[in-house]
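Here is a short report on one protein chain. Read it with the sequence and the 3D view side by side.

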Amino acid sequence: MYTASCLCGGIQLKINTEIPHVFVCHCQQCQKAQGSAFVAIAPIETKNVEIVKGQELCSEYYATTNKKRVFCKSCGSPLFSARLDLPDLIRLRVGIINEPLKAEIASHAFTDYKAAWFEILDDHVKFKEAICE
Ligand SMILES: [Zn+2]
Ligand SMILES: [Zn+2]
């Protein structure tokens, strides 16, 4: 249904499912991992994600012991995160999707930690804390 790639194009993914909802996380780990105010992710069943090119470029970083953040070791693009105790699910960074994404924001998490310069202007559900994406 969608294709995705990192900035250098070395890693190409195929997403074989619809993506109705995007979840936004404002926690500090996500801010640092993206170099921005928040991360926008979509949970996708692992079986619906195919790495069609560049598996060897995929690098992993564990900011917490239970969750890996996978990124391109050539260009640094964040690709997805995955919790070790939830191996059937990845959390795709939706900015790497190539096609226009027809999705709605489902919620904002960790709004207590949001960037001071960023104002949340929509009316979607807000969680002061939550499970980090
Ligand atoms: Zn890359
Ligand atoms: Zn987070």
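Thr17 counts as partly exposed, at 22% relative accessibility. The model is predicted. Thr17 sits in the loop between E2 and E3.

Which residues does Thr17 contact, leaving aside neighbours within four places in sequence? They are Met1, Tyr2, Ile44 and Asn48. Lys47 is 30 residues from Thr17 in sequence. Their C-alpha atoms are 9.8 Å apart in space.

## Overall fold

The protein chain has one helix and eleven strands. Starting at the N terminus, the order is β-β-β-α-β-β-β-β-β-β-β-β. The radius of gyration is 14 Å, close to the 14 Å that the globule rule gives for 133 residues, so the chain is as compact as a globular protein of that length. Its C-alpha trace spans about 40 × 30 × 30 Å along the principal axes.

Of the 133 residues, 39% are buried. Take the contacts with a separation of 6 or more: residues 24 or more positions apart account for 54% of them. The chain exposes about 7500 Å². Carbon and sulfur atoms supply 54% of that area. There are 15 positive and 15 negative charges, and their mean positions lie 5 Å apart.

## The nonpolar cores

In soluble globular proteins, nonpolar side chains tend to be buried together. Here the largest nonpolar core holds 23 residues. Within this core, Ile11, Ile15, Ile19, Ile44, Leu79 and Leu92 touch the most other members. At least two core residues come from each of these strands: E1 (2-5), E2 (12-15), E4 (39-45), E7 (67-72), E8 (78-83) and E9 (89-93). Which strand gives the most to this core? E8 does, with three residues.

Neighbours within four places aside, Ile19 is in contact with Tyr2, Ala42, Ile44, Leu92, Ile97, Leu101, Lys102 and Ala103. Tyr2 and Ile44 are also among the contacts of Thr17. A second, separate core has seven residues. Cys25, Cys27, Cys30 and Ala109 are among them.

Is His26 buried or exposed? His26 counts as buried, because its relative accessibility is 0% and the cut-off is under 20%. His26 lies in the loop between strand E3 (21-25) and helix H1 (28-34).

Beyond neighbours within four places in sequence, His26 is in contact with Gln31, Ala37, Phe38, His108, Ala109, Phe110, Thr111, Tyr113, Lys114, Phe118 and Ile120. Among these is Ala109, a member of the second core. Thr111 is 85 residues away from His26 along the chain.

## The loop between E10 and E11

Thr111 lies in the loop between strand E10 (104-109) and strand E11 (125-126). Thr111 is buried, with a relative accessible area of 16%. Its contacts, leaving aside neighbours within four places in sequence, are His26, Ile120, Lys126, Phe127 and Lys128.

Phe110 is found in the loop between E10 and E11. Phe110 counts as buried, at 13% relative accessibility. Its phi is near 55°, a positive value in a residue other than glycine.

## Ile120 and Lys126

Ile120 also belongs to the loop between E10 and E11. Ile120 is buried, with a relative accessible area of 16%. Which residues does Ile120 touch, not counting residues up to four places away in sequence? They are His26, His108, Thr111, Lys114 and Lys126. Leu86 is 34 residues from Ile120 along the chain, and their C-alpha atoms are separated by 29 Å.

Lys126 is in strand E11. Lys126 is partly exposed, with a relative accessible area of 40%. Not counting residues up to four places away in sequence, Lys126 touches His108, Thr111 and Ile120. Ala106 is 20 residues from Lys126 along the chain. The C-alpha atoms of this pair are separated by 9.2 Å.

Definitions and conventions:
Residues numbered from 1 in each chain as written. Chains lettered and ligands numbered in written order. Predicted model: local features only at pLDDT ≥ 70, side-chain atom pairs only at ≥ 80, totals over all residues. Heavy atoms only, no water. Helix = DSSP H or I, 4+ residues; strand = E, 2+ residues; numbered from the N terminus. Rg over C-alpha atoms; globule rule 2.2 N^0.38 Å. Buried < 20%, exposed > 50% of the residue type's maximum accessible area, 1.4 Å probe, protein only. Contact = heavy atoms within 4.5 Å. Areas by Shrake-Rupley, 256 points an atom, 1.4 Å probe, with all protein chains shown as cover. Lys, Arg positive; Asp, Glu negative; His and termini not counted. Charge placed at Lys NZ, Arg CZ, Asp CG, Glu CD. Core = buried A, V, L, I, M, F, W, Y, C linked by side-chain atoms within 4.5 Å.
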